[in-house]
Amino acid sequence: MTDDAIADALRGVTTATLTTLLLKHGLRNTWIRGAAPLRAGLPRLVGRAFTLRFVPAREDLATPESWSSPISTRAAIEAMPAGCIAVVDAMGTTDAGIFGDILCARMARRGVAALVTDGVVRDVAGVLGTGLPVWCRGAAAPPSVAGLTFVAWQQPVGCGGVAVFPDDWIVVDGDGAVVVPAALAAKIAEAAPEQERLESWIMGEVEAGASLPGLYPPNAEQRARYEAWKKARS
């Protein structure tokens with residue numbers, strides 16, 4: 001399955017459905033804690049993970065001068081490919097904003113699809129004005145160096161308690177951000193539309209007055225009814 005086909009399939013299903021499918025493959029920890037839409041109404045987005053990592057601030061390294069270092073958030077942004085989703089491990093820090101409006105504007109200009117972090121951003125009005133979709137814990141006025149030291153990009157990170165590797169697939173919507181491991185993405189993409197179709201049928205049955213036992217999840221009888229319904233619509 002091509003990347004475009006995987007992206008199209010994942011874009012058509014909710015993060016809730018994806019967590020169910022990943023659970024069937026034995027993955028229980030795929031939802032990034034704390035990553036919530038910065039504003040309501042953001043669309044569902046899909047992209048490959050471009051990872052960034054912070055560690056606790058160390059006074060000799062976490063300085064305004066570090067922003068000009070070859071290892072900096074500025075340099076990392078210039079390495080981001082169009083269409084990626086930047087996933088930033090900020091260790092859940094909520095009193096130092098990892099990015100502000102200028103950095104987010106540059107990301108938007110480079111075609112980055114979204115920013116996902118277990119930390120916070122600053123200059124919220126400006127960030128919203130850039131049009132860059134952001135999933136985070138909220139906002140804080142202090143800059144990143146007030147509490148964090150940036151150390152690397154495109155390495156495995158732990159964001160919101162979830163292991164994220166470069167080029168994993170990230171799906172974000174109103175329920176948050178879910179990581180789909182790159183090695184499983186094709187299988188999940190193939191199964192996702194069918195899971196959505198089944199749950200849509202179950203919802204229709206519930207709205208018609210059906211009780212849940214035997215329906216959700218469907219037993220053999222209800223599965224046969226579903227297959228007949230699906231065949232009639234094909």
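1. **Residue classes.** Ala, Val, Leu, Ile, Met, Phe, Trp, Tyr, Cys and Pro count as nonpolar; Asp, Glu, Lys and Arg count as charged; the others, Gly among them, count as polar. Keep these classes in mind for the linings and the helix contact below. Note also that this is a predicted model.

2. **Overall picture.** The protein has seven helices and ten strands. Its C-alpha atoms fill a box of roughly 65 × 35 × 30 Å along the principal axes. There are 234 residues, and 43% of them are buried. Take the contacts between residues at least 6 apart in sequence: 77% of these join residues at least 24 apart.

3. **The cavity.** How many cavities of 30 Å³ or more are there? The count comes to one. The volume of the largest cavity is about 60 Å³. Its lining consists of L38, R39, L42, L128, G131, L132, P133 and V134. Sort that lining by class and you get six nonpolar residues, one polar and one charged. R39 is in the lining, and Arg belongs to the charged class. G131 is there as well, and Gly goes with the polar residues.

4. The largest pocket has a volume of about 190 Å³. It is lined by 15 residues, and the closest to its centre are L61, S66, I71, T149 and F150. Which element gives the largest share of the lining? That is strand β6, residues 148–153, with four residues. By class, the pocket lining holds nine nonpolar and six polar residues, and no charged ones.

5. **Two packed helices.** Two packed helices are described by the angle between their axes and the distance between the axes. Here the pair is α6 (residues 185–207) and α7 (residues 220–233). They pack at an angle of about 105°. Their axes are 11 Å apart. Are α6 and α7 roughly parallel or roughly perpendicular? Angles from 65 to 115 degrees count as roughly perpendicular, so α6 and α7 are roughly perpendicular to each other.

6. **What makes that contact.** Helix α6 contributes E194, R197, L198, W201 and E205. Helix α7 contributes Q222, R223, R225, Y226, W229 and K230. Sorted by class, this contact has six charged residues, four nonpolar and one polar. Q222 is part of the contact, and Gln falls under the polar class.

7. **Q222, on the α7 side.** Q222 lies in helix α7. Is Q222 buried or exposed? Buried means under 20% relative accessible area; Q222 has 16%, so it is buried. Beyond four places in sequence, Q222 touches W201, G214 and L215. W201 is one of the α6 residues in the helix contact.

8. **L215, in the loop.** L215 sits in the loop between α6 and α7. Its relative accessible area is 1%, so L215 is buried. What does L215 touch, leaving aside neighbours within four places in sequence? Its contacts are W201, I202, E205, V206, A210 and Q222. W201 and E205 of α6, and Q222 of α7, also take part in the helix contact. For a sense of scale, L215 and V112 are 103 residues apart in sequence, and their C-alpha atoms are 41 Å apart in space.

9. **A cis peptide bond.** The loop between α6 and α7 also holds P217. Look at the bond between Y216 and P217: it is cis, with omega of about 5°.

10. **Q195, elsewhere on α6.** Q195 lies in helix α6. Its relative accessibility is 10%, so Q195 counts as buried. Outside four places in sequence, Q195 touches T17, T20, L21 and K24.

11. **Two positive phi values.** M91 is not a glycine, yet its phi is positive, about 60°. M91 lies in the loop between β3 (85–89) and α4 (101–109). D123 is not a glycine either, and its phi is about 55°. D123 is found in the loop between β4 (114–117) and α5 (124–130). With a relative accessible area of 39%, D123 is partly exposed.

Methods. Residues are numbered from 1 along each chain as its sequence is written. This is a predicted model: local features need pLDDT of at least 70, side-chain atom pairs count only at pLDDT 80 or more; totals for chains, interfaces and linings use all residues. Side-chain values use heavy atoms; hydrogens and water are left out. On a 1 Å grid over the protein atoms alone, a cavity is a set of points where a 1.4 Å probe fits but cannot get out, and a pocket is an open set with protein on both sides within 12 Å along at least five of seven lines; lining residues have an atom within 4 Å of a point. Grid points are joined across faces, edges and corners, and a volume is the space filled by probe spheres set on the points. Axes are lines fitted to C-alpha atoms, for helices over the stretch in contact, and angles run from 0 to 180 degrees between N-to-C directions. Angles under 35 degrees count as roughly parallel, over 145 as roughly antiparallel, 65 to 115 as roughly perpendicular and the rest as oblique. Contact means heavy atoms within 4.5 Å. Buried means under 20% relative accessible area, exposed over 50%, partly exposed in between (1.4 Å probe, protein chains only).
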